[in-house]
Amino acid sequence: MNNQKKEALIPKELIFPFLLVTILFPLWGFAADITNPLVAAFSRIFLMSNFEGALIQFCFYGGYCAMAIPAAIFIRKYSYKSGVMMGLGLYAAGALLFIPSAWLANFYPFLVSYFIMTCGLSFLETSAGPYVLSMGSPSRATQRLNFAQSFYPVGSLIGMFTAKNFIQVKLNDADTATRQGLLESNPAQFESIQLSDLDVVSSPYIFIGLVLIVLLVIYKLSNMPNHFDSKEPLNLKATLRRLKANPRYKEGVIAQFFYVGAEVMCWTFIIHYGVRVFMNEGMTEKVSEQVALQYNIYAMITFGICRFLFTYLLNYIKSGQLLKIVSLMAIGFTLLLIFIDGRWGIYSFIGISGCLSMMWPTIFGSALTGMKADSKIASAGMILVIGGGSLLPPLQGKLIDIGNETGSLLGIPAVNASFVLVLICFMVIAFYGYRLQKIHEPEFEKTGELAEGAKE
């Protein structure tokens with residue numbers, strides 16, 4: 001059992017800045033979950049393969065990877081507030097670039113827009129995570145981040161709701177085969193449908209870009225505490241040397257890579273999974289996408305509820321033990337999704353989403369526990385491996401394409417079988433939970449310090 005209740009989760013004098021930073025968490029939830037369903041939509045609009053459509057996720061999460069270290073250095077040199085403002089500015093710029101991308105009616109400018117958006121998100125996440133961890137007792141840092149991250153699903157649900165009610169229902173009903181036929185027989189009509197669909201896709205991004213500009217002005221005018229910003233000169237080599245020598249941190253980085261890959265694969269290809277299930281029930285391709293997205297919304301509601309539940313359980317169960325238990329549950333649900341076809345697979349996905357809810361903040365918080373001046377660069381390392389989200393979904397898309405060509409993979413429907421990649425991810429995370437429980441957390445409780453290489 002934990003005794004974390006002895007210390008306040010958030011000191012009274014830090015409640016307002018904590019709330020102001022917590023407002024940021026729904027922003028990247030919105031961006032991710034309005035984008036995930038659009039992989040299938042873009043594939044249909046531009047008549048692309050699953051692999052090509054998944055390049056959206058490659059660029060979306062690649063922006064995190066490319067900007068993580070520069071963002072950390074920028075924040076270390078200036079302040080958390082400056083990092084937040086830079087992030088909001090880049091996020092807004094990427095969203096507003098959807099306007100010329102739609103005019104050009106070309107897939108690749110959209111990829112550039114997504115990349116710039118997530119360069120901004122990289123600044124925001126590199127700032128917000130360690131800022132929240134620093135706002136109180138180190139012993140409750142992981143629980144504090146879990147609480148702040150509990151508001152992430154609010155943005156996710158808004159993103160899914162927007163994708164379903166302001167994008168998918170307004171897209172042209174023509175399915176992939178019909179569009180392919182129009183491209184060959186009536187290119188002008190195909191182009192007209194394509195341009196109309198791209199305007200529909202772009203509108204919500206333009207709106208969020210304008211909202212972000214308003215938030216940027218609010219942050220510019222707000223007074224944020226700066227006593228958490230290090231005044232020491234940055235010695236990047238020494239910092240990286242300390243992080244490299246810290247096994248708890250290194251293992252956390254690896255676990256986070258696989259977590260992001262699992263999350264993005266689940267919330268991207270569950271649409272493909274659902275489309276196949278519901279088309280087998282006699283629905284059209286477009287209606288199947290809408291129904292699949294509705295189940296995705298149910299999964300995100302489960303995600304949000306479970307995140308509050310797991311945050312509460314961290315009062316009584318240590319983070320490593322809880323992470324191990326939840327990862328084992330996720331492995332079980334993933335096996336069901338792979339081997340049990342139909343709606344029961346969709347229900348298993350909802351269970352997986354509940355398990356995903358506590359993994360990111362728990363891994364992030366556990367890996368950074370006890371760090372001070374090194375926390376910004378350490379945070380950048382955790383954001384850097386969001387690249388897992390850019391590398392693994394195209395690989396899953398390729399598996400689906402191969403399976404579609406042959407009819408199945410080892411006798412299992414291609415989409416189902418592709419989730420073996422998610423299964424591997426959860427195995428890695430379960431092992432990290434075991435290492436936390438048996439090695440890293442007892443060591444921290446015993447000494448009150450990090451492993452030797454990570455000390456200040």
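**Domains and helix packing**

Tutor: The protein is divided into domain 1 (9-225) and domain 2 (233-448). Please bear in mind that this is a predicted model.

Student: How do you know that domain 1 and domain 2 are in contact, and how many residues take part?
Tutor: Contact requires heavy atoms within 4.5 Å. By that criterion, 54 residues of domain 1 are in contact with 58 residues of domain 2. The centres of the two domains, taken over C-alpha atoms, are separated by 19 Å.

Student: What area do domain 1 and domain 2 bury between them?
Tutor: The value is about 5,000 Å², with 67% of it on carbon and sulfur atoms. On the side of domain 1, Asn 50, Arg 76 and Asn 146 supply 14% of the area buried against domain 2, more than any other three residues.

Student: Why are H5 and H19 called roughly antiparallel?
Tutor: Helix H5 (residues 55-77) packs against H19 at an angle of about 170°, and their axes are 8 Å apart. Angles over 145 degrees count as roughly antiparallel. H5 and H19 are therefore roughly antiparallel to each other.

Student: What makes up the contact of H5 with H19, by class?
Tutor: From H5 come Tyr 64, Cys 65, Ala 68, Ile 69, Ala 72, Ile 73, Ile 75 and Arg 76, which meet Lys 376, Ile 377, Ala 380, Ile 383 and Leu 384 in H19. By class these are eleven nonpolar, no polar and two charged residues.

Student: Which residues make the contact of H8 with H19?
Tutor: H8 contributes Ser 122, Glu 125, Thr 126 and Pro 130, while H19 contributes Ser 375, Lys 376, Ser 379, Ala 380 and Ile 383. This contact has three nonpolar, four polar and two charged residues.

Student: How do you know that H2 and H5 are roughly antiparallel?
Tutor: The axes of helix H2 (residues 25-35) and H5 cross at roughly 165° and come within 11 Å. With the cut-off at over 145 degrees, H2 and H5 are therefore roughly antiparallel to each other. H2 passes H5 in a left-handed crossing.

Student: What makes up the contact of H2 with H5?
Tutor: Trp 28, Ala 31, Ala 32 and Thr 35 in H2 meet Ile 56, Gln 57, Phe 60, Tyr 61 and Tyr 64 in H5. The residues divide into seven nonpolar, two polar and no charged.

Student: What is the phi of Leu 47, and where is the residue placed?
Tutor: Leu 47 has a positive phi of about 55° although it is not a glycine. Its place is in the loop between helix H3 (38-45) and helix H4 (50-53).

Student: What is the phi of Ala 105?
Tutor: Phi of Ala 105 is near 50°, a positive value in a residue other than glycine. Ala 105 is found in the loop between helix H7 (98-104) and H8.

Methods
Residues numbered from 1 in each chain as written. Predicted model: local features only at pLDDT ≥ 70, side-chain atom pairs only at ≥ 80, totals over all residues. Heavy atoms only, no water. Helix = DSSP H or I, 4+ residues; strand = E, 2+ residues; numbered from the N terminus. Nonpolar A, V, L, I, M, F, W, Y, C, P; charged D, E, K, R; others polar. Domains from an automatic or database assignment. Buried area = accessible area lost by both parts, 1.4 Å probe. Axes fitted to C-alpha atoms, helices over the stretch in contact; angles between N-to-C directions. Parallel < 35°, antiparallel > 145°, perpendicular 65-115°, else oblique. Left-handed = near helix turned anticlockwise from the far one by under 90°.
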